Amino acid sequence: MGLLDRLTSLFSPKPSKEADDAIHIYVECGRCKSAVHVRLDKRHDLSQGEAGGYFVRKEIMDSKCFRLMTAEITLDSGYRVQAQDLQGGRFLSKEEFEAATPSGVDPRRPGS
Ligand SMILES: [Zn+2]
């Protein structure tokens, strides 16, 4: 019993703070107006940029017309967006994205 207790505590690490290792961006397809949420992993999607910042180039495909969009984003060392460019669509704010995709509702519902 004592051993089991020790094992349990050993295998349930408690991160003091759940850090979000991702950057979330929201885009709208320029053709079908689908809103797409993209998760960028700080450790895998970002490249070291100039002046200690980061750079990411990400190809994004929406789930409606499957048109490819290319996002290029420059961030500073604190992961704050310095510049962003999107070919094939436009960036949305989180609020715009949520307004475009009401929770629990299929964004591809007919009539939209
Ligand atoms: Zn589209």
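Predicted model: local features only at pLDDT ≥ 70, side-chain atom pairs only at ≥ 80, totals over all residues.
Leaving aside residues up to four places away in sequence, Val-27 touches Val-36, Val-38, Ile-60, Met-69, Ala-71, Leu-86, Gly-89, Arg-90, Phe-91 and Leu-92.

Next, look at the strand pairings on either side. Val-27 stands opposite Val-36 in E2, and its bridge partner in E7 is Phe-91. Stay with E7 and pick Cys-29, whose bridge partner there is Gly-89.

Now select strand E1, residues 22-29, together with E7; the two pair in the antiparallel sense over 4 bridges. Follow the chain from E1 into E2 and you pass through a hairpin with 5 residues between the strands. Stop at Lys-33 in that turn, where phi is positive, about 65°.

Show E1, E2 and E7 together. They form an open sheet of 3 strands in the order E2-E1-E7, with antiparallel pairing. Strands E2 (35-41) and E7 (89-92) are at the edges; each has a single partner strand, so one side of each is left without a neighbour in the sheet. From one strand to the next, the twist averages 35°.

Finally, select Ile-25, Val-27, Cys-29, Val-36, Tyr-54, Val-56, Met-69, Ala-71, Ile-73, Leu-75, Leu-86 and Leu-92. These 12 residues make up the largest nonpolar core. Colour by element: E1, strand E4 (54-61) and strand E5 (68-75) are the elements that give two or more residues to this core. E5 gives the most, with 4 residues.

How values were computed. Residues numbered from 1 in each chain as written. Pairing = 2+ DSSP bridges. Axes fitted to C-alpha atoms, helices over the stretch in contact; angles between N-to-C directions. Core = buried A, V, L, I, M, F, W, Y, C linked by C-beta atoms within 7 Å. Buried ≥ 20, exposed ≤ 12 C-beta atoms within 10 Å, placed from the backbone. Contact = placed C-beta atoms within 7 Å.
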